[in-house]
Structures are given as structure tokens and as C-alpha cells.
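Subject: Structure handover

Hello,

Here is the structure for you to pick up. My notes come after it.

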Amino acid sequence: MKLLNKHIIFLLENKIIYVLIIIPLILFIYSCQEKESTSIIDIEHIPATIETKNEIEAGELIRLNINSTTSSQLYLILTNRLGTSILEINNLNFTLPIIYSETSGVLWLELFTHHKLLDSKKIKINPKEAILDITSFIGPKSIITTQKEPCMLISIPVDTFDNPVKDKSIAVHKMLRPNNQLERYEIKTEHLISHHTFYAQEKTGKTLIGIRCDKANSIEKYVDEEPGWPHLISLQKEKNTLIADGKHYSTIRTNIIKDKIGNIVMDGTIVTFLLIDQENRQSQYSSSTIDGIAKIQFKHPTISSKYEIKVFSGNAISDPIYLQFESNINEFPIQYKNNSKSILIGPITTYLDQFIPDGSEIKITIIQNNKTIYEKINQTDKGKFRLELDELFISNNKINIEVSYSDINIRKNLILE
Amino acid sequence: MPLKELHIKEYSNTTILCSILVLAFLVHGSLVMFSFPNTYDNFVHTFFADHYRRYWFEPWEYRWYTGFTTTSYPPLVHQLGALFSFIFSLKSSMIFVWILVICNFVFAIYRYAKIWVDEKSALAAATFAIVSPSIVEAVHVFGQLPTITGIGFLLHATTETYKWIKYDKKFYLVSALSLFAVTVAAHHVTTIFGMIFFVAPVILTALMDRKGIKKVELKLIPVRTYLLEIWKYRYKLAFFGFIFLVILIGVMFPYWYWSKTDPITQVPIPHGSRDSFLEVKSSGIAFFIIPWGITLALLPYLFKRFFTGRNFFIGMSFALLVLLGTGGTTPIPKLLLGENAFNILTLDRFTFWATVMAIPFIGQFFLRFYKGDYNTYLKNKIGRTSKLGLQFIITLFILLQTILIVHLNQFRPLQPKSIDIDPITQFLDRDQHYNWRFLTLGFGDQVAWLSANTEAKTIDGNYHSARRVPELTSRAIERLENSKFNGVEGLGSLQQFLTIPEKYHLKFIFSNDKFYDPLLHYVGWHRVQRLENGIMVWEKQDIKGLPPRLPKKTIPLYQRIMWGTLPLICLVIALAINIYLRLWLFRIKGKENDPSYHLPLDFTDQKQKTFWAHPILLFFIPILMFWWSAQDIIYKSPQANPEKTILSYYDALDFKRFKEAHSYFNPEHELSFDQYIMEISVDDGLLSSYAKLDAIETTILAQTDSTAEVNTKTTWITPLEKYKNEEIILLEKKNNKWFLQPKEFDISIPPDQFISQPAVRYFKQGKRRVSVISTVTDDVVDRPELFIHSARLVKKDSLISVVGEIQNTDNLPAHITITAQILDSLGQTITTYNAKYGVQHKILPKEKTAFKIDFESLSWRNENDNKPSTLNPNEFKGHIFKDDNITCKIFAKAVAENTDIYKYGNIDKYHLTQKDGVPKIEGNIINTGVDEITIPELIISYHNENCQVKWVEHQFVSKAIRPQRKTNFNYKINNLEKIEIIQKIKSKDLYVNGLQQDVFLKGRNINSCNDPYMIYDNNKIKLSVNSFVGVPSLY
């Protein structure tokens, strides 16, 4: 116990302990305290009035004259379209700060003392003539010519204090249309704004717009007048016969695609080409237009075939055109040499006596005892393919081999050693 | 002075202790500087420190998980870091705290060791504490700052408690309690478990020591005397326990308040320490082999010492800790802790405490080994030179082990490479990008460091105990940013966040891992720019910014003040008592004596018979451990039969060990490694670049003595879907080994060497005047107009989808977002979801795309569902609708798009085939553009005779397509009989850019049936290609 007493004495002697304990304690007590409530004071009726002008122009100073005999503190509540503020009145004749006379519309003055309304007054503040930049809006920012789409232009002319000008002020909307026509509209402001709707005309391009009201101007506005949907589409005729080499690409392109009234469709419009061969195999290529023309490159087939080509864009479809592909593969050998463990197919050559393209796919089928034991598509290298017999599971030495490539189909019976 | 007299005994123990502390300071001080950014947790603690630096008295943190409270973690070290950060930089101040904490820990070990061993051994123990593998791992691999702080103060407190019981001086009680308060403030878990595992046995030992014979303290006292002694102490102990509880609850009151009042329940996150260490080797290495390290060889010695005489109680505690530390290897820890606690606790901390508990005895062992009786024994047995050699080798093992652990992340990277975060913070600061949430991918724990350096908020976070977003709390995922490591739940959760990013105002993604690129592309994100540090910024268009005021949970003022002041006050009081008061009491006032409580130097406990075992164990166990850890690398898989060869080959391929993969090819085929690696390098696509092998199944089709034909079915995990592949592999036998026949590569060559291509390219100016004010109306591009041709609510296999077709009727390319909202019969929203894969997100003017919206349920699984064992991003929990009378509204919106539009994937020669009675569409996809299509996707829509959409499907094609090349595809036509139409969605329920479609169309009819269809069985089928370009030539 004696030791504990010593501890306590030591603690009391050290000031740092006070700090460590007392600060949190103070903070804790502070946080627990309730807020002080205010009491309501009863006030006797005090007559008081405000004298001032009823109507002014924005920016004109407002002088106030308050008639009152009371000694209690008076407050003036000012309300305009921007909000409410309270002034403490120390002097009965005074001028309102300029900011209150800058905002057009109605300024409400209410004289209070404590919780009692003594008098109220309204001052109408009229805007001045338009002088600043005209705020303007336009939408949509692009309109389609074929659909005679509407577009609305809105302008808000304001005076030097940023107040919208008086109703029935005249705003002049000037427009230079893509067909070089200059249009001028005089629009009266109504409900603070002036607005008018105009429609797309037939030519594509930019409509440039300027606005003026009294001494005020707007920045340049513009609307893009854009072409509509692809209307009539057709394909350009190509040479009629092509070689079915399964390697090269050919280009087909559309004629210039236009909308209903003859404007070239927008760059980037998607166009889909559908190619159907004689065996009803479809190929589908897409491209987007540049200056109204879309083109694709498509791969040649390996087999002689007549292609029907159609093209789709938007909701339009073209008449088909036809392309003939001719294959011209020479007969090729299938060789098996004694003692070698492989069958050599080829060399396969084509119309210029060159090898067929590397990677051309030949289909090899091996039949033994009326049973298919091998069926695979293989790629040729320099026109040839070597079939390794090790990889096959052949039970006897008589096989029937069939190789097909392009229009050629060769069958051969082989006897293996 | 003759050299012989300069013996270690000449130095006072204080001098030696000071040298040890200086050593600890130097070693760990310099190492922490280096290992700091590579650890798991350091950045998280830095982030918390940054929080206190910014808002000391406001625990609410907005930056992670839509906000969480920092009262969810003990604040002492974070507040210390924050305090020092007013002087140093944030990182330096954390490193400074680390150095102080480590020195304190080493000092604490010295004091704690004196309870169990003599003073010289305690000094040896303190020296060993510097290189103890578990400490090195906790500091330099895991970065567990609060744990080390906690254990340091706990050991001090334990020592003081021991002295209080033994010498009955109240000063020690005050001192112990003040230290407990600091421990609580540093790490509450350490305090609670420390009370059970450290303090309780020490109290029992101290009570024994009181009655024990003073001189030879290793003998036990009679049980009866002992029990009486405990009975005598019951009030004191109860008082001690009561005050301890008051401190535990009082100091951390806001924490307990949070954990009791927070209504959010979290799904526990799997942790490697709960694995069976024999099955999951990596966990075994990280949570058992490394923390024990070389001391594993000393376990027999330790158990012998722990169960000798008065050490019995601490021995029990030690044995229990060792057992619990083995995790899921045996079922015992689960039985002891119970299912619930087992799944919440990380069990590696038990191993950590066990190793800390053992340090005094290990120190004693090494003293004996280098200086004491072992030394003499070895000298007599094997001679002086051999003995010195052995001692040298063991020392080398210990030092090498320390270096190995510190550099662990060099051998096996645990974290992505260090990322320079400055460009990211600059990006976030620029043009008010902090107004949206961001997400990082592949950053590892550096996400915390990024957050610490910016005010911008992420939806993710790095402190999973405080997760608040339902998509995260309902799944066992730690973070979104490394979701590829979290299996089905990780990627599934990430996919949900990415598909409906507007829910959390998520607009920017910083990607450091290209694995996620296909996913981001196909859910409708696009690349913005690559920052200087190589991080790709992805953006989702048309996301609203964060509201100016975000929701927050208010924490009462008294709690905020408690939280902000108490931890540091506790620390100051503890320091005042333990330094100032102790000096005043024992030195200045000088009446009392601070008794030396350590044991006398006495090695007589162990018989020399077993001495031979320890050096042998010490020599062989480390070698054995190293061999066990590295045996996968040393042994190559065999090629004894065809299946094993295929498995080994795929394994090599999966881990990108191409040299090894090449070695499985038949050398007779003359495929050189150079050619092979060349062919591999141009082989891109979903399977080659974005997939992980999940399962492999082989069936031998034919086999002879020397050849075999094997059908191999592989399943791959990709960021998009689970992908199945099937191929037939031929093998040959050479020299009793099976070899693969090399795969045939495409040898076709494109016809043209140089290709030109005209294209329309777009650019969006954005703000035309450089200014910080928000975009002026003139700079806002109108939303492209869309038209929904048809839409239906359909049901397949009890899951509901919305399918339809939409067209861009504008002249601008559009990025579209299609949202479907399901309402019940009362008009209440049941769910909303966006179109994910089954749509082209970017469409050109007049382009049509089919779309399909599936409704994913928020929670992946019910509580009683089992955790899926493998990763399957395609696995999907559909929303189950209870109400039959549902209606649907569709909201499509678009913004003008200018990037990542690639429309050159075309379909060549597709046709219907029938194979085994299954109708299929076969064909090729040709790339006619000038960029490589990394992952092509086919969107297949089924239409009725009026061209209205009946069903939509998508299929990813596994191979990349280089320009002027093709890849074939094979699509199985779906049987539409299973699809039930619930309703055709009326045109009044279709909204485009916020307006009813009927309203803005004003009677214009743009319906059309002119599209390239393929007719099959009264259905019209339309195909279109969606392309993901992994590396656009622009970037």
C-alpha cells in the first residue's frame, strides 16, 4: 500500500500526466454537452414602414427610408430571384448595396424585428438593353436532309448585369445554309428566351448561325445537315471471268451510294456484300463507304464456280451481279516407289504451268477393303504432298487412294511393298 | 593485454545486448528498405497510415469498397507511421517504424528468454531472433508490421507479469498492464491468443517458481502445494484478468463496437495455411517449411526442453501451437478450433507464435553448440577441425536461409514487378478523372500504394475484412484485381463489375495484365492510352460521375476521439512507466531493487547419450527440405507411355517451357527448336495467349509397338469462357521413349506482300478549349440515334434472357449499352442487367447487331452450395424469377465512338453441313484488314420469317487471324424448340437514349428484312463477326 501511495504522489508530481488525462476528459465532456436553446422574447407591436421607389432600371441605386420609432434591432430581409439575405439595420436612411439593384425581376423587402413582420415592399427592377454575349443553344447538332428533320435554336440575350432582356425584344437569327442561301429571322423574346425551329433542306453541309440582339452578339453556332439512308445501291461491273486459284483476292466495289434525294451517304456507312457460289456456300464481307463507295477484297475460290453477288446497306438491297471463276488444274501423278515408305502426290501445276499455291488444301482418302482408313485435308508445299505411310495403320498392301483438289479428282490403286 | 584475456566474459551483458540491437538495426534496417515494396501487407499498412495522415479523427475511408471504417483494424502502427510522415515521406516513416519495431522485438526476446534460460543464452536467443526464419519471413515476405509490434510488446508484458507474480511487486503489475494496452492497440489478435498461449503458462510457471526451490529451479514442486498456491492467488489473478479485459475492450472499444454492429457478413476467404501441406506443396513451403526453416531440425531438442521440469506449461502451449500450425494436413486443428474458427483464422500465425516461443531454447542450444557442452562433446568426438567445419556449415545454413527468405520474391515472384505510380496519379488528377471510381488489374498489393497516393476511389481494396460491396462479400475473393487467381468466383465477380460498371460509377481500369484484355473488350470497354509506365488505361463510355456527397456511416464523436488518441496515449504511458518510472523507482530513488529473474547457467539437464543426433539432424534436415521443395524442378516427367508423354507435353506448354515441350517431339522429324519457337511466336489467340490448361483427357484410338494415335480432349480456362478443344495426336516410340509427331503448321502464304487499305477514321475533340470547367454544351456530341428492330423475352432451361436486334440509324459510329429491366406484376424492378458477350458493342452507321441479355444473380451461390473446385468463368448463376407475370423494358443508349472499331473480320464460304445428324455451319473467318484479329467472336442470331429475332448465341474462335489469312469455324445449330417465348416486348417498352422509341420515331418505319440470311428449317440465321485486336497498330 505504501508503494501505491508513492506511485500516486509521483503521478501527481508529474505535470505530463495531467495533460494526458485532462485533455481527453475535456474533449469527452465537450462532446457530451447539449446545445444551448434560445428563449423567445415577446415583442410589443411596433409600427414601422419602408419608403422607396416602386420600379427602377437595373443598376440604379435604391435608397431606403425607414420610419420607425422603436429602439429594438431592425432587420431587413431581401428576396430576389437569386435568393434571400438579411441586413441588420443600423441607420434608418441608407442605400442598398448595388448587388441588390443589379438583378432584374422583383426585389422583396421585408422589415422585421425579432420574430415580427413590420412592413413589406416590392420593387420591380427592369433589365437594361442586351449588351453581353448571347447564350445560345442548338439541337440536335446534326439533322438529316431526307427526313426534313427539325432543329431548334434558342438564344438568351442578356444585359450588362446578366439579366435576360425584356420580353418582346427582337433577336435576329441569321443562317447561312449549305445551299448558299442566307436566312434571316427576327424573333421576339418571350419568357426570357427567343427561339425558332427550322428544318433541314436538301443539300448536305454545314449551316452557320449567328445571333444579334441590340448590341449583343453570339458565338458562331452550326448544324450539320447530313445525308439520309442509302437508297439505290448497285455494284460496279467487273471483268466477267476470273481464275479460281484459291489464293488471290479480287476487288468489287459499289457505285456511289446516294440517299433518296441524291446526296452521297455519310463516310463510314456500313455495306455488306453477300457472295453465293453454285454450291450455295455464302461469303459475307463488310466494308464502310468512303465518298459513297464501298469496296471489298474477297478470296478466290478453288473450284470453278459462278458467283452471285448482292450488296446490302441500310435497308436497301442491290440487284445481283454474276462472276464466273474458271479453274485450270493440270492432271497430276500419284507415285509410290518400291522400298520408300511414302506416297508422293503431285507436283500439281496449273494454267501457267506453275505450282498451285503453297498451303493449297488437297483432300486425301484411302480406302482399304471398302473401309475408309484415312481421310484428311493436307496442305501442299511447292505443289507436292508426301504422305508418310508410318502414320497409317494399314493391314495389307492393297490400298485405294483418292486425291481431290479443285475440280480434279484422281483415284488410284496401289500395291505397297 | 594478452589476447587470451580478451574473453567474451569481459564484456557486460548490457554491452553485448547493445551490440545485438545495433546488429538488428543494421541488418533489418537496410533489408526492410529493399524488401518493403515486395511484401504482401506493407502497402496496406501504408495506406492506413496515409488515412490517418489525411484524416486523423475521421475513421471513415471512402477510397476502398464504396467506403469502410478504419476502426476495423488496430491503429497503433498506422498512427505512428502517420505521425512520422509529418517529418519524413510516407514510405520512409513506415520503414522507420519497422526498424523501431524490430529492435523492440529483439529486446523483448532477450527479456522474455530470461524467464526460461540463463542470461548468456538469452543473449544468444536475441541474436538468433535477428535471423529466425519465421521473423525474417514475417518482416520481409509478409510485411506483418502490427503482428511483430504486437508480439514485441506482448513478450515485454509477459515478462512483467511473470515478475509481478514471482516478486509480488505492484510496479510490475502496472507495467504489465500498460504494456498490454499497447499490445491491444497494435494487434488485438496477438493479445487475445497471447493471453492464452503466452501469459497463462507463464503465470502458472511463476506461481510454481514462487514455491519452487530457489537454487535448482528445474525441479517440480508437489502438486498439492502448487494448487494451494494458485488458490491463494485467486483474487489477484481475477483482478488481473478483470483489468486486462477492461483494457482489451476499453482501448479498442470502437473496434469491438464496429465488429458487433456491422451487419455485413463476409464469406471467408480461402487461405493457404488451411491447406493440407502435403497436397498443396506451395502452401507447405510458405507456411511450414520457411517459418520453421533450420529449426525444424531442432524440434526433438525443443520438445525435450519444453517438457522438462518447470517448462511443462509453456511446453503444452508450444505443442498445441505446433499442431495448430500444421493447418489442414491433419484433421486435428479443425476439430480443436471448430469448423467456424478454422475457416476464419489464418493458421500460419500459430506456427509464428510457436517459433517465437521456441527462440529462448534455440538460443540456448546454439550457445551450447558454439561455446558450451556440445562444443566440448564434438571436439572430443570428431576433433577440433571437423568440429569447426561443422559449426561453420551450420552457420552458413542459417545465414543462407536468411538471405534466401529475404530474396524469396526474386526466386518466385509473389508480386508483380514494381510499378511507377506517378503517371497513374497524374492521370487521375487530370481533367477530374477522380470523379469516377477506378479499378486496377494485375497490380498485386501495389493497389494500396496507389490508393495511398491519390484521393481517387477504387471499387476494389486490399483489406478484405472490411469489404462492403455485396458482389465481393458474398464470394470468397480477396481482391478483384487479381481475380484470375481466385477461380470461378474471382473472374465471375469481375465480369459482373465490368458488365454493369454504372452501378459503382466505375469508368477507368488500369491494366497491368493483358490476360484481362479480351474480357474488357467483349464487355464493352476500350483502350484510352498507354501510360509512360506501360500501364494500359481502359475506359467505359457513358458512365455517370460520382455524386458530390457519398454515403458514409457516422461514427460517434467520443469513439472518433478515443480512436484518434488512446493508442498513442497508451504508448506514451507505457513508455513513461517502463522507462521513466522504472528509472525513478530503481535507480534514482534507489530503495527498490529490480531483481534479476533469469536462471543460472546450467546445462546439466541433458544426458550426453543423445548429443550425436542434433548435429546430424542439423546437417541433413536442411538438405532434405531443399530437396523436397525443389524436386519438381529436378525431375523431368517420364515418357514411358503415350499418355504420359502427352501430359508432360501439355504441362510444359501450359507453363511456357518451350524448350522442354520441344524435347517431346520426335527428333527424327527435324523440327529445329528455332523453327518451333518461331512458329509458336506467331501463333496467337485465345488458347495460345490467354488460356490456362484446366483438364486433359486422353483416349488411345490405335496403338502398335512403335506408333500410337491418341485423341486428346483439353479444357482451357480463359478470361472469357471455359474452352474445350479436341485433337488427334500421333506418337512414335524411339529408344523406349514415346515422342510426339510435331504439329503441322499452316504453310500457306498470303498472296500480297504489301497491303494498302483506305479507312474512315474518327476523332472526338472532347473539350475544344483547354479548361478546367465542365464541358460546354457545344462540345457535347449528340448521342447517336438507335432503333430496336425487335426484342423478346425468352426462356431457355428455366433461365430468362432478352434477345433482339438493334441498328445504328445515325451517321456516327456508336458505342452502345443495352440494359434490360425486369419488372414484376406490380411494376417493381426485380433486376436489371446489361448485354455482355452476345452483342457488338461498337457499331458503324446503319449497322445492325443482334443482342442477348442474360440476368446474372447478384450472389453467385447459395450459402449451402459447395465451393466449385476448379475455375470456370463461364459458370453462371442465373437470376431465378419467382413471379411468373413479369414484364421487361429495354433501355438502349449510345455515345459517339472513335476508337477500337475493327470491322475486317469477314466470313468466307460458310455453309450448312450435317455430321452424324447434327446440323452445323462450317466456314472460315478471313481477316481482310491490316491488324491481327487476336480473338474473333461469331454472333449467331436466329430470326423468324418476319426477320424478328428468336434467339442469339455467340462463339469465340480460339485462333488469332493475321491479315490476309483465315481460320475455320464450326458452329452447331441450336434446337430452338427448347426456347420458350415469354413475350414480345412492346414498342412502348423500348427506350433509346432515354426516350420512348415510339416518341422520337414519329411514325417513321425503318423496319426492313434486307439482310444476308441463311435459311435453315424455317429459320433465318444471320452471322456476324466481332473482332478483338490485342495489339492495334496504333498503340
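Below are the conventions, then the findings on confidence, domains and the chain contact.

This is a predicted model, in which local features need pLDDT of at least 70, side-chain atom pairs count only at pLDDT 80 or more, and totals for chains, interfaces and linings use all residues. Residues are numbered from 1 along each chain as its sequence is written, while chains are lettered from A and ligands numbered from 1 in the order in which they are written.

Confidence
Chain A has a mean pLDDT of 84. 87% of its residues reach 70 or more. (pLDDT is the predictor's confidence in each residue, from 0 to 100.) Residues 34–43 of chain A stay under 50. The model gives that stretch five contacts beyond four places in sequence. A contact means that two C-beta atoms, placed from the backbone, lie within 7 Å. Where pLDDT is low, predicted coordinates should not be read in detail.

Chain A domains
Domain bounds come from an automatic or database assignment. For chain A they are domain 1 (49–126), domain 2 (135–226), domain 3 (241–326) and domain 4 (334–415). The C-alpha centres of domains 3 and 4 of chain A are 36 Å apart. Eight residues of domain 3 of chain A contact six of domain 4 of chain A. On the domain 3 side, three are nonpolar, three polar and two charged. (Nonpolar: Ala, Val, Leu, Ile, Met, Phe, Trp, Tyr, Cys and Pro; charged: Asp, Glu, Lys and Arg; polar: the others, Gly among them.)

Chain B domains
Chain B splits into domain 1 (3–38 + 74–413 + 566–600), domain 2 (422–539), domain 3 (636–718 + 733–740) and domain 4 (779–1028). Between domains 1 and 2 of chain B, the C-alpha centres are separated by 39 Å. Seven residues of domain 1 of chain B touch ten of domain 2 of chain B. The domain 1 side has six nonpolar, one polar and no charged residues.

Chain A against chain B
Here 50 residues of chain A contact 43 of chain B. The chain A side comprises 22 nonpolar, 18 polar and ten charged residues. Elements giving two or more residues include α1 (2–13), α2 (15–32) and β21 (282–288) of chain A. (Helices, H or I, at least four residues, and strands, E, at least two, are DSSP runs numbered from the N terminus.) β21(A) gives the most, with six residues.

Which strand of chain B does β21(A) join? The partner is β18 (residues 905–915) of chain B, antiparallel, through two bridges. Strands pair if DSSP finds at least two bridges between them. A:Gln282 stands opposite B:Tyr910 in β18(B).

Best wishes
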